[in-house]
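These are my notebook entries on what I looked up in the structure, set down in the order in which I looked.

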Amino acid sequence: MWTHHLLATEIFLASKTMIRLAVVGSNPSAPISIFDPGRLLRATCVAVAHADLAGARETATALGTRVTFTSWDQLVQQHAEGFDAVLIQAPLESRAELVQQAAAAGKHVLVEGPLAASTDLADQATEACQAAAVHLMVGHEMRFLPSNMAVAQALKSGRLGEPALLRIHHWLPADTTATFPPDPTGDAYHAVTIGHLAGEIDLANWLFQGLPTRVYGKARSSSTVQSDSSSDTQLKDYDYFQLHLAYPCDGMALIDRTTALPAGANYFSLSLIGTTGAAYADDHNNMHLAYRGGPPTAIRGVQGDGHLLTQVQEFVDAIHEDRDPVVTGRDGQAAVRVAEAAIESMMTGRPVVLD
Amino acid sequence: MQTVQNTTTFRTAVLSVVKHSYVPLGVASHPRFELVVVADDDSQPEWVHERNSLFADQMSIPYVRDVQRALADYDVQVAVVSSEAERHCDLSVRAAQAGLHVVQDKPMSTKLSECDRLVEAIQANQVKFLLWNRNHLPALIEARRAIQDGAIGQPYAMHLDFYFSKDAGPPKGSRKPGDAPINWLQRQRDAHADGSDGGVGAQPMGELQIEGIYPLAYLHMLSGWEVERVYTHTAAQFHQANVDNEVDDLASVTLEMKGGFLGTLAIGRIGAASHPDIGEIKVHILGTRGALVISEARPEVSVYYRGQPATEFRNIRVANDNDYQLMDNFARAIDGNGETDLDAPTGRTITAVVEAAIESGRTGKPVDVV
């Protein structure tokens, strides 16, 4: 009862200072702004900026505001005093620059993951936020999935001992919304590959509470079954990746990710073998069955979009409490760095040692 | 036209049965195989003779402390070998040289050179060889059928989880200052009662070496892919015996196959607390038109009751016909209908993959399979 009373009091006091959020950009494949604004505590959405005005209005309506702008520049020039923090959802190539601009404007930043298209850009974004004394959170949303949070909580409680072997399968249908520049360069494919890998890498780094010491990566195209991937150094062809990571204290992780499932549902499985226990968060174990003649069809028990609200709430809470969010800029930079090492390993056929 | 089934019975000698008796009992589950004698070399230590003798008594058959004499005197056509791992191949070679078909427990050997010697003996004597495996478990049969039916198109990646949630003596970190390291063989002998003596022998073996045959046999059966290169991390995370004897109880392996196919293996003896049953054993397969997620344990039935011992599995596997199907395959091979499900060359190839994986774990570098 006492705890409940304290919590209610805190909420009452906090409501005096709402964080005003502006949403910048739109990215259907990484919907950082899909959450019920009515359930957000101590924050409110006040503006949306996006080049496509119709899209901006649609997002704004969903978030309970009618204030829209067609660019970041317009938002800052006309409404700088009207918001405290930004949620950035933008193509990977422009994310780091937007983060730096937001920091320069003195705004706290939640940017969808990965943080940047390269380690250098991630460093620059992180340092800009540090210099401006604003909070930077990277939206690696998989950390907030209820199943992954349950695994992390079990690990944190000590019941599983030390993490020993992490296994992640993440299979998705082809992303039909992915677009490349008209004349894509190697850098564009490099960025796309980082986009494929960074989320799962961040999840692994988080559970192991650190960076891997060695990275071994393999990749291939699912459509050229008979090809020899080791002789193919074209990232553009790859839609299947597998990573093998070594962590301190003999920890290890296996991650495989494909974007070549047939259209429809995705599949996610995470198992964590600890030194005194294990946790299994596997879509396979959460299936319902439908009988419609012939073999039954599996219907996955979904976890919903609640994790996106949890993610934004964490960002808001970190600002209120003036603390680091659970996914910092350094975490985002680390995920990009490991992804780059994985790409190097895929290209060279050798494990990459990280300092 | 009705098929005439061959009903010839094969008289079978059990050559050493120091580990679990599941292999000779599996052989005996098929009506065409009759266990008639247990035999071993007289020079073996007394504990070996005790176990052999005990099994012989259980089966009401004689125990002969002379392998060559038993093979000569009991008119046997088949030998089943379930000795310490380092003696597997030697006993199998001697049986093959005597003209016997051979069923052998895993691992094939602790040395690749011994596997080579066995492959040669099997071929030279034109006998059949079956390395014991789990390929006929219902889930694996379903997986194979789905692939053959084209349910997922052409597979291009396969991931194998093979965790045994068993303990293996004192946990890691339990050795006190001044305590002697755990003697591997003694620990395995002590473990016989609870069935966790899969690594019985004088030479310490990690989980890759003890159990790696099973998931790698799945890979072979389901895909036919040839592993060319491996990259491995190994660790001793759970059991003091593994720490003291410098062998893994946990390993992860990247598998690179001929044709650009890819895969991984996660394997470990991860402790009884880590799973309610024997362990998480799964196969994940990606294909050009879909994917398969297979749990090796299924079908199973869940049973819970008041006072249930903590060590009792809550989920009981059912419809498991693996033993009979393996031996039926073996009988048909002897009858002249092709090779066994896991013949000597394939067993040798799998042993080479395991050896390369261990080497990779030791060096931290990818290793080519030879």
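**Entry 1: H4 and H5 of chain A.** In this predicted model, I first looked up which residues of H4(A) and H5(A) meet, and on the H4(A) side I noted Ala96(A), Val99(A), Gln100(A), Ala103(A) and Ala104(A). On the H5(A) side, I wrote down Leu121(A), Ala122(A), Gln124(A), Ala125(A), Ala128(A), Cys129(A) and Ala132(A). Sorted by class, this contact of H4(A) with H5(A) has ten nonpolar and two polar residues, and no charged residues. I then looked up the geometry: H4(A) covers residues 92-104 and H5(A) covers residues 119-132, and the two pack at an angle of about 10° with their axes 9 Å apart. Since angles under 35 degrees count as roughly parallel, that makes H4(A) roughly parallel to H5(A).

**Entry 2: H5 and H9 of chain A.** How are H5(A) and H9(A) packed, and at what angle? I found an angle of about 175°, with the axes 9 Å apart, which makes H5(A) roughly antiparallel to H9(A). From H5(A), the contact is made by Thr119(A), Ala122(A), Asp123(A), Ala125(A), Thr126(A) and Cys129(A). From H9(A), I listed Gly329(A), Arg330(A), Gly332(A), Gln333(A), Val336(A), Arg337(A) and Glu340(A). The residues of this contact divide into four nonpolar, five polar and four charged, whereas the contact of H4(A) with H5(A) has no charged residues.

Entry 3: I looked next at the loop between strand S5 (108-112) and H5 of chain A, where Pro114(A) is found. The peptide bond that joins Gly113(A) and Pro114(A) is cis, with omega about -5°. Chain B gave me another cis peptide bond to note, from Arg298(B) to Pro299(B), with omega near 5°. Pro299(B) lies in the loop between S12 and strand S13 (300-302) of chain B.

**Entry 4: helix H7 of chain A.** Why do I call the length of H7(A) consistent with its number of residues? Helix H7 runs over residues 186-208 of chain A, and at 1.5 Å a residue its 23 residues should span 33 Å, which agrees with the 32 Å between its end C-alpha atoms. I also recorded a kink of about 35° in H7(A), centred on Leu197(A). For burial, I noted that 18 of the 23 residues of H7(A) are buried, so this helix is largely enclosed by the rest of the structure. H7(A) is followed by Gln209(A), and the phi of Gln209(A) is positive, near 55°.

Entry 5: Asp322(A) is not a glycine, yet its phi is positive at about 50°. I placed Asp322(A) in the loop between helix H8 (306-321) and helix H9 (329-348) of chain A. Is Asp322(A) buried or exposed? Asp322(A) counts as exposed because it has 8 C-beta neighbours inside 10 Å, and a residue with 12 or fewer is exposed. Ser60(B) lies in the loop between helix H2 (46-59) and strand S3 (63-64) of chain B, and it counts as exposed because it has 7 C-beta neighbours inside 10 Å.

**Entry 6: Gly263 of chain B.** I looked up Gly263(B) in strand S10 of chain B, and with 28 C-beta neighbours inside 10 Å it counts as buried. Leaving aside its neighbours within four places in sequence, Gly263(B) is in contact with Ala157(B), Met158(B), His159(B), Leu219(B), Leu255(B) and Met257(B).

**Entry 7: where the chains touch.** How many residues does each chain bring to the contact? I noted 36 residues from chain B and 37 residues from chain A. On the side of chain B that touches chain A, the elements giving two or more residues include strand S8 (227-235), strand S9 (250-257) and strand S10 (262-269). S7(B) gives the most to that side, with five residues. By class, the side of chain B has 14 nonpolar, 17 polar and five charged residues.

**Entry 8: chain A as a whole.** Of its 355 residues, 49% count as buried.

Notes: Residues numbered from 1 in each chain as written. Chains lettered and ligands numbered in written order. Predicted model: local features only at pLDDT ≥ 70, side-chain atom pairs only at ≥ 80, totals over all residues. Contact = placed C-beta atoms within 7 Å. Helix = DSSP H or I, 4+ residues; strand = E, 2+ residues; numbered from the N terminus. Nonpolar A, V, L, I, M, F, W, Y, C, P; charged D, E, K, R; others polar. Buried ≥ 20, exposed ≤ 12 C-beta atoms within 10 Å, placed from the backbone. Expected span 1.5 Å × (residues − 1). Bend = angle between axes of the 7 residues up to and from the residue. Axes fitted to C-alpha atoms, helices over the stretch in contact; angles between N-to-C directions. Parallel < 35°, antiparallel > 145°, perpendicular 65-115°, else oblique.
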